[in-house]
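Please keep the model in view while reading.

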Amino acid sequence: MANTPTGSPLDPEKLPTTTFSTAHTDSTHSNPSHDGTTTPSQHPHHHYGSRARANIRSFFHPSGKRIHVATDPIEAESLRRRLQAQLPTDPAEEFDILISGTPEHLEAVRHAQTHHEGRRHELSKRHAEIWTQFADVQGELDALSGELGRITEHGVKLDAHFDRFGYSAHIKSYDDASPNESGTTTPRRASSETTSLSGKEGEVYATPLKFFKVPVVRQYFHKGILWRASGYEEVQSFELFVDLLYVGIIAVNGDAASEHPTWLSLLQFVKIWNDMAMIIAWFETDDIFQRLSVLFLLACLFGYTTNIVSGFEHTYSSLIWFYLTARLYMCGYLILCAWLIPMIRYVMFYQIALTFISSAIWIGSIYVEWPNQLALIWIALTLDILFQGMYFVFAIWLEQAGGKWQAWAEANLAFMPALNIEHRVERTSAFVTLVFGYTVVAMLYQTTTPSLDAFFGKAILGLIQAFAFNWLYFEIDASNITLHAIRRHKWSAMIWTLSHLPFIMSFVLGGGALARLVLATDTEDAHVEMLTETYQHRSEEHVASGIRWFYSAGFGVALLCMTLISLSHIHKSPTNIRFPKKKRLAYRIAVAIVLILLPLAENLNSLELVGTVTALVLFLLLCELWACSCTGAKLVGRDKQCKYMGACRKKDLMKLVRDGGGVEVLGKVSREKGGGLGVAPM
């Protein structure tokens, strides 16, 4: 390790510059200047403020020596040999090497800092007028550099967002951690600030969780611009916990529908989780009150689930009261948000009014006799599902009406909360994955005979169907997207959102019916004695017509909904693609229609029905994979050769060559101890 340099001090007017290293460069390339000193390589754009955050790789000590900074002793030795070979043996070109973070390095930097502070004070006295002008210019440059850094930093974050969901010029980001920077500010910014409990300087032990914090709007529309938080919003752990309970509700709904396959069982698919998901996506609180609220809503959801099976016979009133308790509790939270966040107050009033109206209709349905009760149920379902996100439609209508209505809308609806696209897509994808997983779990059974029978064959065919649907949804429809439906247009966003509801409902119906078909004993190699006692009670000798319709038509409607979801996106379309998207989706529509009409073939037993559906789904998957490929593309192998790189000693390399192995030399021989060659297989 080198010592702190000493020697004669340099002239403060002619002290050479310091060399910086950033994340974009591994080393500094010095260029000779007109006076013989060395300066860093020039770049077309200077970020003055970023120099303070860069690592100093070399600097001139007041003694006259250039100090080079190495990260470890190995790099120090390598750097010393390279500099001794490059620099002439001239006392004026003396240098020394210090290892970063050592006491010698710290002492040298402090010595240089003290020296430069003295130079600054001397120059400010000697050239007072010029110094004042220079300080003003430097202050402006620092301010502009900070603004440029903020813009580029947010630009990088938005670039990743645009790469995934498509570009839009009407999106900007705000940063809660920079209240003094230009740009818009998040509503009630101070409410989202947290205090860290620290020990030593720079060591953060914990971030305390407060009991209640004023909600902060995650993102919002304002004058045609979507303002979103610059940070990435992850799906929280309790949201996944909530989704797991939803899967339990799906399981109960699917079993109840398949046990009594009538059109009335479709009404059991009432969804009460939309409000919770929307509020979590709108507001950021991250406090104890939010978690307790989620726990209370889960309790209501649990009580709702326990009353589903007998909902239209004995427990309808209990089912509705659990449902309304959750809805009205969330309505109370919206009232609190309307009071705490005035800028979105009228959007909250819309949701509150909608909740009160639908709740009144639900309460009325308890006291209305069957079948008049159905009219109120469908009206309330329409309000709860379709009208939740229609507030922006009313805002557009008011603006187009002109006059006092337009003035009122501009004054009171200038800010409207928006859903975070990453959060919504990831939450929806996670839920769809759970739905696909439920279908597989529902087919599981226990056998008493160690043989491959018809039960096992139907279960494997069902597994193939679920895997094919998962492939179509995630690997074909949700990949290679140029512009996501939520980003494309408000109507495409609505189609994408609303299509997922019938898609999930129909697929759950199909999956529940498939579980019944797996246990059916209407084939030759399927006997009820082969099942354990638990599954013998669920087995049926004759498959009901409703089961056939739920199974085939359910999967057919799911394919049609997936077609709408795919059409709502704009996908990348290479010029040499085999089939454009619209023609490819025409095959999907045709297969969906065949599936919907397949129950008309009543002569098919359960194995033949499941096998036919599997063949149709696999045919569709292969057609879409072929249609998405490009002409001339290789179906086997890689377009580019894969190379594995590593270090190899000379004698091992010679042995490999003698044995007939092919390698490509990627680097030159290192003369250092333990050095070798960089090689890769040919």
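Asn480 sits in the loop between α13 (454-477) and β15 (481-483); helices (H or I, at least four residues) and strands (E, at least two) are DSSP runs, numbered from the N terminus. Although Asn480 is not a glycine, its phi is positive, at about 55 degrees. With a relative accessible area of 53%, Asn480 is exposed, where exposed means over 50%, buried under 20% and partly exposed in between (1.4 Å probe, protein chains only). The model is predicted: local features need pLDDT of at least 70 and side-chain atom pairs count only at pLDDT 80 or more, while totals for chains, interfaces and linings use all residues. Residues are numbered from 1 along each chain as its sequence is written, and side-chain values use heavy atoms, with hydrogens and water left out.

The chain contains 20 helices and 19 strands. Of its 682 residues, 41% count as buried. Its accessible surface, computed by the Shrake-Rupley method with a 1.4 Å probe (for residues, only the protein chains shown count as cover), comes to about 37700 Å², of which 61% belongs to carbon and sulfur atoms. Contact is defined as heavy atoms within 4.5 Å; among contacts between residues at least 6 apart in sequence, 74% join residues at least 24 apart.

Strand β6 (residues 95-99) illustrates burial. Five of its five residues are buried, so β6 is largely enclosed by the rest of the structure. Phe95, Ile97 and Ile99 cover one side, and Asp96 and Leu98 the other, all of them buried. Strand β5 (residues 66-70) runs parallel to β6 and is joined to it by five bridges; two strands pair if DSSP finds at least two bridges between them. Within this pairing, His68 has Ile97 as its bridge partner in β6.

Aromatic rings provide another view of the packing. A pair of aromatic rings is described by the distance of the centres and the angle of the planes. Rings of Phe, Tyr and Trp (its six-membered ring) pair if their centres lie within 6.5 Å; planes under 30 degrees apart count as stacked, over 60 as edge-to-face and the rest as tilted. The whole structure holds 27 such pairs. In one of them, the ring centres of Tyr350 and Phe394 are 5.6 Å apart and the planes stand at 50 degrees, so the pair is tilted. Because Tyr350 belongs to helix α8 (residues 345-366) and Phe394 to helix α10 (residues 391-401), the pair ties together parts that are 44 residues apart in sequence. Tyr350 is buried at a relative accessible area of 19%, whereas Phe394 is partly exposed at 39%.

Tyr551 and Phe555 form an edge-to-face pair, 5.3 Å centre to centre with 65 degrees between the planes. Both lie in helix α17 (residues 545-568), four residues apart, about one turn of the helix. Tyr551 is buried at 0% relative accessibility, and Phe555 is buried at 1%.

Gln351 is buried, at 3% relative accessibility. Not counting residues up to four places away in sequence, Gln351 touches Met278, Trp282, Leu334, Gln388 and Tyr391.
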